[in-house]
Amino acid sequence: MAMIPSAERAGRFPASASKAAFPYLLAVVVLAALVGSLRIAQVDPRRFFEGDALGNVARFVRGSYPPRLSPEFLGLMLQPLAETVQISVMGTVMAVIIGIPLGLLATSSLTWSGVLHERGVRLGRLTLGFLPYALSRSILSAFRSIPEYVWAFMFVRAVGLGPFPGVLAIGVAYGGMLGKVYSEILENMDPRPLEALHAGGASKGGIVLYGLLPQALPNVISYTLYRWECAIRASSILGFVGAGGLGQQIELSMRMFQFDEVITLLAMLFLLVASVDFISGRIRARVVR
Amino acid sequence: MNGMVSARPLGRHRSGWLVASGFVLLIVWSYQGTRVDLGSLLGGEGLRQMAGYFAKLFPPDLSFRALRDAGVGAVETFAISFVGSILAVCIALPLALLTSRTVLYRGILYEGRGLSTASRALRVGLYAAAKALLNVLRTIPEIVWALMFVFMVGLGPFPGVLALGFHTGGVLGKLFGEVLEDVDPRPLEALQSTGASRLRILLYGILPQAAPQFLSYALYRWEVNIRAAAVLGFVGAGGLGQRIHIAISLFLEHQLLTLMLAIYLMVTLVDWLSASLRRRLV
């Protein structure tokens with residue numbers, strides 16, 4: 001019994017000396033990378049016991065108790081808390097606005113291959129379909145590879161302080177991720193309804209509208225909501241570079257060694273993230289069955 | 001949407017409309033709160049301002065010094081993400097065992113050979129404490145951890161490693177714990193029926209099932225961590241982030257573009273490494 005699957009596997013991937021050596025080779029490479037990285041990253045636990053390190057830990061712990069819960073402080077923090085939510089929502093909206101067109105262009109089954117293009121002319125398909133496809137793929141990849149934090153810092157330079165650069169940063173970085181995932185969702189759709197429509201003589205627009213989008217919608221909504229959960233985490237730290245929200249307050253309190261305020265702000269952040277996760281999770285569970 | 005495919009449009013339920021209108025209100029409120037000026041963004045001043053800034057980035061600074069600086073930063077960022085991810089796994093594994101109820105105090109492992117009341121109470125307490133610790137680790141963002149560790153052990157990549165390890169340790173601990181609780185119970189029952197001890201069931205029944213998923217999650221978090229490692233330098237924790245911070249603050253736009261290209265290359269490299277490792281190992 002046990003022979004059959006392994007024989008099958010051997011047939012699919014011809015066994016060779018290099019395959020057998022792979023785990024050992026990998027172990028050596030990982031170990032070497034670890035040793036090198038430990039040196040480069042200057043990992044040295046002794047630093048916890050040198051100089052003021054332990055004293056600083058003690059100062060931090062002592063300073064953070066009791067957490068600051070005075071009504072005027074909490075009242076002051078409501079505005080940044082609301083701003084964090086607003087940045088995450090607008091950032092996600094902007095990400096969708098960026099992600100949908102780029103994602104559609106980056107979908108091979110829409111632009112240049114598959115059922116939709118069985119009637120197309122080859123040359124036109126390549127120039128009008130493949131070029132926008134490749135271009136939008138590389139834009140999406142550039143958008144999502146630069147961390148939102150770096151985007152935020154640059155947008156602060158470009159449009160000034162406040163929540164707006166935070167919205168732009170989340171919009172651009174998450175637009176890149178949404179666009180990629182949208183195109184993957186669209187490419188992995190069941191082709192049979194599309195072929196049925198195609199056989200029925202439906203136009204390209206009709207196939208997209210009645211075959212593709214209804215199938216894709218639940219996954220698209222679900223993934224967008226998931227990204228919103230991530231956006232709330234992001235928007236709460238973008239403030240570190242001056243893009244508004246709770247992060248700016250955490251940074252200020254940290255710099256002024258007001259650790260009792262830091263603890264309160266972190267607790268607020270925790271409650272915020274947990275409640276957004278809860279809401280979004282409930283909706284996602286209903287949208288995708 | 002003629003019911004032709006299995007999709008369930010949101011609007012089929014009244015609660016769907018309620019949720020949708022809730023979101024519309026949320027968006028309107030957020031639009032006003034963030035003072036997003038779409039008019040100036042799409043036509044005119046805002047767009048010109050932004051285009052002007054991004055045009056200034058070109059061309060990238062490809063002088064030897066800038067390239068060397070970007071290279072050193074990229075290697076440092078890689079090292080931070082790599083060691084940070086391994087530290088995270090080291091933190092996550094024991095905590096995951098302590099936060100999985102089926103390992104600690106209930107389920108197949110404890111069928112027929114129950115725990116004494118005191119022992120059970122102790123284990124439930126241990127579970128709650130470990131769960132709380134994971135929540136704390138996970139809730140505090142990497143960048144806040146980094147600030148705290150810079151405050152404790154000083155500047156450099158080391159606090160960056162600690163920050164990634166602590167935050168990601170919390171995330172992985174939660175994911176690992178869920179994997180441990182969700183393993184297929186049948187192999188465990190088979191082991192139990194042969195009279196295997198709890199430790200043996202854990203070692204030969206639970207962990208072999210969980211290991212591929214552990215690895216897959218760890219690799220995925222490594223991809224997240226390379227991005228995080230690239231920004232921790234903003235608070236003084238080394239790597240490309242520190243250099244980017246300097247470049248932006250001193251208006252060294254051409255160098256900034258070089259550093260952004262370095263981030264792009266590092267992120268792409270780690271995504272590729274992680275994906276190919278996952279394909280071969282999992």
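Analyst: Let's start with confidence: pLDDT is the predictor's confidence in each residue, on a scale from 0 to 100. A contact, another term we will need, is a pair of residues whose C-beta atoms, placed from the backbone, lie within 7 Å. This is a predicted model, in which local features need a pLDDT of at least 70 and side-chain atom pairs count only at pLDDT 80 or more, while totals for chains, interfaces and linings use all residues. Residues are numbered from 1 along each chain as its sequence is written, and chains are lettered from A and ligands numbered from 1 in the order in which they are written.

Residues 1-12 of chain A have a pLDDT under 50, and the model gives this stretch one contact beyond four places in sequence. Helix H1 (residues 3-12) of chain A has the lowest mean pLDDT among the elements of that chain, 44, whereas helix H8 (residues 163-187) of chain A has the highest, 91. Over chain A the average pLDDT is 81, and 87% of the residues score at least 70. Chain B averages 84, with 92% of the residues at 70 or above. In chain B, residues 1-8 fall below 50, and this stretch has 13 contacts in the model beyond near neighbours in sequence. For the complex, the predictor gives an ipTM of 0.77 and a pTM of 0.82.

Now to the helices. Chain A has twelve helices and zero strands; here helices (H or I, at least four residues) and strands (E, at least two) are DSSP runs, numbered from the N terminus. Among contacts in chain A with a separation of 6 or more, 75% join residues 24 or more positions apart. Of the 289 residues of chain A, 42% are buried, a word for residues with 20 or more other C-beta atoms within 10 Å of their own; 12 or fewer makes a residue exposed, anything in between makes it partly exposed, and the C-beta atoms are placed from the backbone.

The two chains also touch: 57 residues of chain A and 54 residues of chain B take part in the contact. On the chain A side, helix H4 (residues 71-105) supplies the largest share, eight residues. That side divides into 43 nonpolar, eight polar and six charged residues, where Ala, Val, Leu, Ile, Met, Phe, Trp, Tyr, Cys and Pro count as nonpolar, Asp, Glu, Lys and Arg as charged, and the others, Gly among them, as polar.

Chain B shows how helices can pack. Helix H7 (residues 142-153) and helix H8 (residues 157-181) of chain B meet at about 135 degrees with their axes 8 Å apart; axes are lines fitted to C-alpha atoms, for helices over the stretch in contact, and angles run from 0 to 180 degrees between N-to-C directions. H7(B) and H8(B) are therefore oblique to each other, since angles under 35 degrees count as roughly parallel, over 145 as roughly antiparallel, 65 to 115 as roughly perpendicular and the rest as oblique. By class, the contact has eleven nonpolar, two polar and one charged residues.

H8(B) also packs with H4(B): their axes come within 6 Å and cross at roughly 40 degrees. That angle makes H4(B) oblique to H8(B), and the crossing is right-handed. The contact of H4(B) with H8(B) has 17 nonpolar, nine polar and one charged residues.

Most residues other than glycine have a negative phi, and most peptide bonds are trans. Gln42(A) has a positive phi near 55 degrees in the loop between helix H2 (17-40) and helix H3 (53-63) of chain A; with 19 other C-beta atoms within 10 Å, Gln42(A) is partly exposed. Phe257(A) has a positive phi of about 55 degrees and lies between helix H11 (246-255) and helix H12 (259-287) of chain A. Phe257(A) is partly exposed, with 13 C-beta neighbours inside 10 Å. Met256(A) is in the loop between H11 and H12 of chain A and is exposed, with 10 such neighbours. In chain B, the peptide bond from Phe58(B) to Pro59(B) is cis, with omega near -5 degrees, and Pro59(B) is in the loop between helix H3 (45-56) and helix H4 (64-98).

Conventions. A crossing is left-handed if the near helix is turned anticlockwise from the far one by less than a right angle, and right-handed if clockwise.
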